[in-house]
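This report goes through the domains, a helix pair, the salt bridges and some backbone details of one protein. Please have the sequence and the structure at hand.

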Amino acid sequence: MTTQREIARRAKTSLKTVSRVINRDPLVNAETRARIEAIIAEIGYEPSQAARMMRSQRSNVIGFLADGVATSSSSIDLIRGAQDVAWERGKQMMLFNIERGTASAANADSQLAAFRAEAIIYAAVFHQEVDLPDTGVPHVLLNCFDVKQRHTAIVPDDYQLAYDLTLTIFERGYKRPVFLNLNSDIVASHLRAKGFADAAAAMGHDVSGAIHTAVVSRAGTTPRLATHDILPPLFVGDQQPDLVLCGQDTMAMNVYFELGELGRKVGRDIAVASFDNLEPIVSLLQPGLSTMELPYYEMGRTAMNLAIDGGEDRQVLRLKGKFIERASM
């Protein structure tokens with residue numbers, strides 16, 4: 001097995017210098033660093049994590065508790081962004097798919113304690129409030145927030161996402177948009193409704209009657225789409241919508257079908273826009289769906305950087321999204 005001593009011999013340098021390169025000491029001469037890193041890459045050397053922990057008294061482990069995130073295609077980029085930063089910065093990300101309030105969460109906490117995790121990222125499947133106690137290990141909340149402000153949080157700026165998308169809609173010349181919003185129990189629904197209304201008002205339009213809750217949830221039942229009840233009455237009379245804004249891409253898929261049943265061709269007779277940019281839905285729909293991409297990948301990267309560097313100021317960071325235009329509008 002190749003050792004650091006062998007690398008030092010081949011690089012014609014000291015064992016201490018090799019160790020400094022492996023531990024990412026920024027003061028090592030650039031030429032020496034490049035020579036040592038080339039040898040490490042050539043021989044495929046992997047340093048002992050246990051030995052590094054003993055020397056540095058740091059585990060280099062960052063926990064990632066994915067509360068439903070790991071099994072949700074819409075938010076998997078939260079994990080991907082965090083993992084990319086962990087690799088870039090020489091940290092080990094330990095991922096656990098959990099369900100808050102169950103044994104899975106307790107088991108994950110126990111495992112992370114055993115590995116002396118330096119920090120823990122807790123990620124929720126959608127923007128929501130959570131109540132996580134202070135365990136003594138630094139936590140960063142991802143796609144969720146703690147109203148008691150015990151932890152730093154990174155969330156999508158749902159108000160600004162809706163505001164910017166609505167401005168784009170009116171700037172494109174649409175005059176009668178209708179917004180099919182998410183379940184009223186979801187934090188994002190209220191923020192997006194306000195962003196939609198405020199942007200419309202800024203452009204001189206009153207959309208107070210154009211916001212509809214299109215996801216209905218009753219106690220003990222699975223939330224269901226109500227687009228079939230909402231859309232037909234809107235396409236009667238002279239003041240019919242010229243654009244349907246959907247709360248999420250999965251809703252937009254259903255709206256495409258229902259507009260077809262009403263004799264409206266998306267992209268020709270009626271425009272459709274949405275939130276998420278969820279592949280493969282947005283590309284498979286014909287015409288392609290114009291949508292406001294949620295900043296999940298950047299949120300994941302930001303969370304990991306804060307977990308590594310420390311987020312002791314317990315701030316709430318709201319990240320903006322990006323409008324992806326396709327042929328639906």
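How far apart do the C-alpha centres of domain 2 and domain 3 lie? The two centres are 31 Å apart.

## Basis of the values

This is a predicted model, in which local features need pLDDT of at least 70 and side-chain atom pairs count only at pLDDT 80 or more, while totals for chains, interfaces and linings use all residues. Residues are numbered from 1 along each chain as its sequence is written, and side-chain values use heavy atoms, with hydrogens and water left out.

## Domains

The domain assignment gives domain 1 (2-46), domain 2 (59-155 + 295-318) and domain 3 (156-291); such bounds come from an automatic or database domain assignment.

The contact between domain 2 and domain 3 takes 12 residues from domain 2 and seven residues from domain 3, where contact means heavy atoms within 4.5 Å. Together the two domains bury about 720 Å², with 73% of it on carbon and sulfur atoms. Buried area here is the accessible area (1.4 Å probe) that two parts lose on being put together, summed over both.

## Helices H1 and H2

Helices (H or I, at least four residues) and strands (E, at least two) are DSSP runs, numbered from the N terminus. The axes of helix H1 (residues 4-11) and helix H2 (residues 15-22) come within 8 Å and cross at roughly 110 degrees. Axes are lines fitted to C-alpha atoms, for helices over the stretch in contact, and angles run from 0 to 180 degrees between N-to-C directions. H1 and H2 are therefore roughly perpendicular to each other, a term for angles of 65 to 115 degrees.

On the H1 side, Gln 4, Arg 5, Ile 7 and Ala 8 meet Leu 15, Val 18, Ser 19 and Ile 22 of H2. These residues divide into five nonpolar, two polar and one charged. Ala, Val, Leu, Ile, Met, Phe, Trp, Tyr, Cys and Pro count as nonpolar, Asp, Glu, Lys and Arg as charged, and the others, Gly among them, as polar.

## Salt bridges

A salt bridge is a side-chain nitrogen of Lys or Arg within 4 Å of a carboxyl oxygen of Asp or Glu. The count by this rule is 15. One of them pairs Arg 10 with Glu 42, whose closest N and O atoms are 3.0 Å apart. This pair links distant parts of the chain, 32 residues apart, with Arg 10 in helix H1 and Glu 42 in helix H3 (residues 30-43).

## Backbone details

Glu 279 and Pro 280 are joined by a cis peptide bond with omega about 5 degrees. Pro 280 sits in the loop between strand E11 (271-276) and helix H11 (281-284).

Methods: Parallel < 35°, antiparallel > 145°, perpendicular 65-115°, else oblique.
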